[in-house]
Amino acid sequence: MMRPPGWQRITTVLRNPREALTLSRGNIELWANLLIILCALVFMVLKGATFAVTLGTVFGIWAMLSISLNLVVGYTGLLSVGHIGFFGLGAYTVAILTSTTAYENLRTGEIPTFGWPFFAALPVAVLVAGLVALLVGIAFNRFRDDIYVLVSFGFAIISFNVFLNFRALTRGAFGIHDVARPQIGNWVFDTELELMLVSLVLLAIVVGISWFIVSSSFGRVLKAIREDEQVAEVFGYRATHYKLAVWVISAMMTGLAGGMFSSWTTFIDPNSFILLESILLVSIVILGGLATIWGSLLGALAFVLLEEGMRFLPFLPQEYVGQARQVVLGVLLVVLMMFRPQGLVGRFKL
Amino acid sequence: MSESPGQRDNYILETLDISKHFGGVSAVDGLSISIPRRGVTSIVGPNGSGKSTLINLLSGTLPLDEGIVVIDGKRLRTIHAYETPDHSITRTFQEVRLFDQISVLDNILVVLTTRKFWAAVFERTNRQYRARAQEILEQVGMWEKRDALAMDLSYGQRKLLEIGRAMALNVNIYLLDEPFAGLFPQMLERVKVLLKGMREQGRTIIFVSHNMEIVREMADHLIVLDGGKLLLAGEVEDVLNQPEVISAYLGT
């Protein structure tokens with residue numbers, strides 16, 4: 001039998017606290033939720049406010065990414081490993097438009113500086129990501145399933161190479177410094193706390209838009225297309241249009257996350273946008289659960305905890321931390337696929 | 001042709017010389033049939049005679065190679081699957097094809113909601129849709145199962161749900177590919193009742209079947225295909241009394 005959905009569960013428990021015991025018994029979803037949130041709290045308390053705030057910012061960015069990717073992978077069934085390209089597009093657009101540093105002359109010449117404020121550059125970043133997604137999506141719409149993975153893989157490789165080699169605009173491997181921080185009037189969001197605020201507000205927007213889409217009739221059609229595109233067409237839905245629309249929306253929100261990322265680090269180079277990051281991102285989505293927004297939030301939180309938390313393991317030398325994270329994430333994914341292929345809180349299997 | 005317009009109006013669906021080839025094989029070969037507006041039409045024929053291909057062609061699931069389909073007076077050279085509801089056609093599949101990993105209720109609701117692209121983003125599931133979905137699920141006896149995933153249903157339930165999903169689309173022509181195959185007697189009766197109800201509402205039902213008893217009971221008109229070509233067509237009793245049908249399909 002099905003368990004009642006989240007909200008109903010909460011009201012049941014509030015009305016009758018004894019219900020909590022019966023609902024929690026054998027409920028892996030609930031325990032996964034509690035465990036990860038508890039870990040986050042323990043970390044934050046132990047490591048202090050600065051750590052907690054950084055964690056919040058990074059979490060915001062990864063959560064935006066995984067939720068937008070989940071729209072495509074989980075809800076529509078298009079397994080894309082190319083989203084890092086849109087992330088990079090957003091990041092580079094904000095970096096190029098806001099950076100004012102007078103660079104040394106490269107062989108390729110000086111890169112133009114625009115000196116825009118962050119909040120003017122961010123919508124442009126979103127539009128650029130959306131526009132590129134539209135063009136790429138029209139081509140991608142011919143493919144599905146395994147081939148889709150391969151073409152999106154190609155997109156990730158191509159965009160990385162553009163970032164690396166289009167030096168007149170991106171400065172290639174040198175990267176772009178001094179990306180502007182968010183600013184409203186004279187208020188510059190300079191401290192970690194203020195940046196976390198921006199990151200979480202942007203996340204709230206992404207969650208809101210995604211929730212609005214997936215809870216609508218449109219969202220149900222996306223799931224139907226995921227299950228059987230041809231049958232969805234027999235019932236009068238032009239699958240290609242729906243797939244293209246959700247692809248573009250997802251890419252735009254990914255671009256938004258990219259813009260936030262570049263402003264947070266203030267320095268970007270192509271190494272932040274390699275294929276591996278994209279695969280990590282897909283792993284987070286699968287870890288949290290496909291076709292669930294809450295799952296993506298949870299997956300992102302678990303990932304950020306893992307990423308930041310492993311730094312504090314006493315027996316692990318600092319130089320191995322980076323590799324160890326990937327090993328742990330890899331093992332986690334294998335275990336999850338074996339015992340819980342629908343992810344921590346999902347219902348849908350790939 | 002010498003048919004008068006009045007006679008024409010008796011047919012809701014006609015095919016003129018339609019063909020479909022797979023490689024060198026002609027699945028449907030210059031087929032011209034007429035489906036009467038009133039009553040139930042059954043399509044029979046041995047395996048590989050082109051029954052399913054015909055349904056696929058009429059529902060836009062496969063593109064036509066040659067020929068014209070006339071649906072309610074509209075002459076069409078191509079039929080896109082996403083246009084079939086506009087032509088007032090829907091179908092079920094021989095191998096049941098549901099939206100597996102969404103709930104039974106959502107399988108019905110997805111058929112009811114708006115086809116307008118942007119309006120769909122702003123549309124929520126309203127009481128009207130819910131009531132209609134409940135009505136349909138109760139008709140097919142699946143309301144208690146509404147929260148289960150479609151993939152967790154038994155074969156018979158899946159078959160019923162697929163028919164329910166087709167019924168949810170309010171159209172005139174239903175193409176049902178083997179709606180009676182592999183069902184327990186109880187479920188079989190339920191499907192029969194559903195189809196009879198649709199017939200009484202004045203809808204055109206076209207179904208494929210191998211079971212001559214059911215064909216006799218349910219169908220008014222019969223089309224016999226063989227090798228992608230029309231063998232015989234007409235009223236059920238007339239056709240079933242033809243010697244070549246008796247020898248080919250009824251054994252003795």
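How many residues does the contact take from chain B and from chain A? It takes 28 residues from chain B and 21 residues from chain A, two residues being in contact if their C-beta atoms, placed from the backbone, lie within 7 Å.

This is a predicted model, in which local features need pLDDT of at least 70, side-chain atom pairs count only at pLDDT 80 or more, and totals for chains, interfaces and linings use all residues. Residues are numbered from 1 along each chain as its sequence is written, and chains are lettered from A in the order in which they are written.

On the side of chain B that touches chain A, H3(B) gives the largest share, 4 residues. Helices (H or I, at least four residues) and strands (E, at least two) are DSSP runs, numbered from the N terminus. The table gives the composition of two contacts; Ala, Val, Leu, Ile, Met, Phe, Trp, Tyr, Cys and Pro count as nonpolar, Asp, Glu, Lys and Arg as charged, and the others, Gly among them, as polar.

| H3(A) with H8(A) | 17 residues | 8 residues | 1 residue |

In chain A, helix H3 (residues 28-75) packs against helix H8 (residues 192-214) at about 20°, with axes 8 Å apart. The two helices are therefore roughly parallel (angles under 35 degrees).

In chain B, 4 strands form an open antiparallel sheet in the order E2-E1-E4-E5. Strands pair if DSSP finds at least two bridges between them; 3 bridges join E4(B) to E5(B). Val70(B) stands opposite Arg75(B) in E5(B).

Conventions. Axes are lines fitted to C-alpha atoms, for helices over the stretch in contact, and angles run from 0 to 180 degrees between N-to-C directions. Angles under 35 degrees count as roughly parallel, over 145 as roughly antiparallel, 65 to 115 as roughly perpendicular and the rest as oblique.
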